[in-house]
Amino acid sequence: MENDDFIRTTEERHKRTVQAVLQKVYDAGDIYFATYGGHYCFGCERFYTDKELVDGKCPDHGVAPTWIEEQNYFFRMSKYQDWLKQHILDNPEFIRPERYRSEVLSMLDMGVLEDLCISRPKSRLTWGIELPFDANYVTYVWFDALLNYVTALDWPDGEKFAKFWPVAQHLVAKDILKPHAIFWPTMLKAAGLPVYAHLNVHGYWLVKDTKMSKSLGNVVEPVRLSEVYGLDAFRYFLLREMRFGSDASFSEDALVGRLNADLANDLGNLFSRVLSMCAKYFGGAVPTPGDLVEEDQALMGLGRTSLENFTALFPRCRFSMALEALWELVRGLNKYVDEQAPWALAKQGDTARLGTVVYVLLEWMRKVAAHLWPVMPGAAEAMYGQLGLALDGPGLDLGAEAAAWGGLKPGGALATASNLFPRLEVGGAPQGTKADAVPAGKPAKEAKPKAGKEEKPACTPAEGPCTVEFADFQKLELRVGSVLAAEKHPDADKLLKLSVDLGEEGGPRQIVAGLAEFFAPEALVGRQVVVVANLAPRKIRGLVSQGMVMAVRTEGGMELVAVSGPVAPGSRVS
């Protein structure tokens with residue numbers, strides 16, 4: 001993605017577009033002249049209704065608006081209320097995520113949509129695009145500004161308009177939802193233009209739960225942070241940390257915690273361990289695999305599900321959930337190393353099995369790197385390079401990767417070590433040093449593997465519980481939910497299908513839980529449970545599960561993790 005056109009709404013090409021569209025809508029009878037009185041905010045350059053004011057003041061500027069009564073032109077927006085509502089209902093992905101689709105439908109259900117004032121008299125506002133049918137008036141800012149989307153594509157006959165507009169997607173902040181979700185589609189409909197495909201609405205980055213403000217001195221400088229931690233690592237944090245549509249808090253501590261937990265501990269550790277083992281056992285070359293056994297097939301199933309979820313979620317702007325789905329595979333690969341213990345296979349002299357285990361790891365590492373290219377292009381290319389390959393990011397077919405196998409050819413040369421993601425301190429220095437860090441996403445100098453240490457995991461299941469960083473615990477989003485309904489899974493005796501209210505605007509979640517052996521469905525309805533709420537959705541025996549219910553196994557069966565008293569659905573466990 002790149003900025004290939006910079007447009008000002010004062011340009012002649014835009015004036016021509018605005019006047020042409022206004023004339024089309026006027027000729028169709030959807031613009032009329034009338035007297036209007038309303039609360040006008042000069043800062044916003046717009047009228048507010050009584051319902052929109054907060055304690056009688058502008059919601060954005062916090063000042064009382066001025067009552068203005070004047071004659072103006074109006075767009076007959078109310079005419080398209082029923083059409084817009086039906087269009088949203090017929091196209092569930094038109095406004096994303098679900099919470100903002102619901103918000104717009106609520107706006108339309110509150111009553112008759114008001115017509116939109118689209119002009120200002122020249123006697124009061126000297127700047128603006130003159131109405132083509134009345135030289136005494138200029139166009140109101142929203143009707144003017146929204147049209148720059150099609151001006152930039154050379155509407156009506158430009159090649160770019162024909163190519164891009166039928167699949168156009170808007171990306172906007174939540175504070176301008178109404179103009180883009182209500183004003184804009186009704187304008188397009190009235191002018192006879194196709195409506196855009198998707199409106200993607202994002203939340204705010206907050207600092208300590210407060211909006212960024214120069215006066216408060218809490219503004220984050222992304223260029224500085226990208227220089228300190230590396231552009232790829234910074235991109236990963238932004239896409240991983242914010243659930244699309246919701247606000248997210250930014251802090252440098254959270255940034256470092258996420259980078260150390262996900263990139264250093266999980267992904268970086270995986271590449272370091274596996275490439276060091278290849279150097280030690282196979283001379284730095286891709287080994288030849290043998291037949292896959294049951295444990296390999298289980299990993300194959302996990303990998304396919306992970307990649308399928310990633311490629312389904314990412315195009316829908318569910319970036320955080322897509323990356324969590326991919327990290328299920330990354331963590332699964334580290335677990336596979338621990339369970340298969342290649343160092344033990346080498347000690348036993350089982351070269352054939354060792355070659356299969358290492359090849360399986362390398363091939364899935366290649367797939368992980370490919371899927372990270374949209375998120376961390378530099379790091380993905382570096383990972384591919386360590387695997388002896390060149391990555392053509394724009395030419396990737398990620399949709400085919402889940403089922404494909406054998407992208408790495410036996411005998412190919414590999415890097416002998418990897419240090420792509422060193423653990424960092426706040427400020428960018430590697431942990432335990434005062435030196436500047438190698439920015440994450442840029443390869444460091446290769447180091448010689450330390451014999452006997454590089455392949456052994458820091459903690460194995462046989463050694464007991466592992467010590468984790470607090471940042472690892474912070475990655476879990478535990479919330480209390482109320483079970484609204486429960487029934488047996490149609491294709492699995494041990495599973496229940498639950499409908500759990502987590503206090504979300506999108507409604508209850510469907511969760512598949514292995515509780516059928518211990519609880520009758522009706523015994524769960526009305527109970528409050530603790531849910532791991534930020535797990536990526538995954539299919540379990542044909543049903544999508546959107547979370548995990550926490551429970552404790554006992555000698556007599558199983559007990560649910562619960563709160564000591566009733567709390568609001570969605571309450572955070574900490």
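**Entry 1: helices H10 and H14**

I looked up how helix H10 packs against helix H14 in this predicted model. H10 covers residues 252–282, and H14 covers residues 351–372. I noted two values for the pair, because two packed helices are described by the angle between their axes and the distance between the axes. The angle is about 145 degrees. The axes lie 11 Å apart. I also checked the handedness: H10 passes H14 in a left-handed crossing.

Which residues of H10 and H14 make the contact? From H10 I listed Leu-267, Leu-270, Phe-271, Val-274, Leu-275, Cys-278, Tyr-281 and Phe-282. From H14 I listed Thr-351, Leu-354, Gly-355, Val-358, Leu-361, Leu-362, Met-365, Val-368 and Leu-372. Then I sorted the residues of this contact by type. I got 15 nonpolar, two polar and no charged.

**Entry 2: Thr-186**

Next I went to Thr-186. I found this residue in helix H7, which spans residues 177–191. Is Thr-186 buried or exposed? Its relative accessibility is 0%, so Thr-186 counts as buried.

I then looked at what surrounds Thr-186. I left aside neighbours within four places in sequence. The contacts of Thr-186 are then Phe-75, Met-77, Tyr-80, Trp-83 and Leu-84. I took Phe-75 for a distance check. Thr-186 and Phe-75 are 111 residues apart in sequence. In space, I read 9.6 Å from C-alpha to C-alpha for this pair. I also followed the side chain of Thr-186. It reaches the backbone oxygen of Ile-182 at 2.8 Å.

**Entry 3: Asn-534**

I moved on to a loop. Asn-534 sits between strand E17 (528–532) and strand E18 (538–540). Buried or exposed, I asked of Asn-534? The relative accessible area of Asn-534 is 13%, under the 20% limit, so Asn-534 is buried.

Where does the side chain of Asn-534 reach? I found the backbone nitrogen of Glu-477 at 3.0 Å. Leaving aside neighbours within four places in sequence, I listed Arg-243, Glu-324, Lys-475, Leu-476 and Glu-477 as contacts of Asn-534.

**Entry 4: His-39**

Last, I looked up His-39. This residue belongs to strand E1, residues 31–41. I wanted its side-chain partner. A polar contact of 2.8 Å joins the side chains of His-39 and Asp-50.

I then listed what His-39 touches, not counting residues up to four places away in sequence. I wrote down Arg-46, Phe-47, Tyr-48, Asp-50, Leu-53, Pro-65, Thr-66 and Trp-67.

Conventions. Residues numbered from 1 in each chain as written. Predicted model: local features only at pLDDT ≥ 70, side-chain atom pairs only at ≥ 80, totals over all residues. Heavy atoms only, no water. Axes fitted to C-alpha atoms, helices over the stretch in contact; angles between N-to-C directions. Helix = DSSP H or I, 4+ residues; strand = E, 2+ residues; numbered from the N terminus. Left-handed = near helix turned anticlockwise from the far one by under 90°. Contact = heavy atoms within 4.5 Å. Nonpolar A, V, L, I, M, F, W, Y, C, P; charged D, E, K, R; others polar. Buried < 20%, exposed > 50% of the residue type's maximum accessible area, 1.4 Å probe, protein only. Polar contact = N/O pair within 3.5 Å; in protein donor to acceptor, adjacent residues only side chain to side chain.
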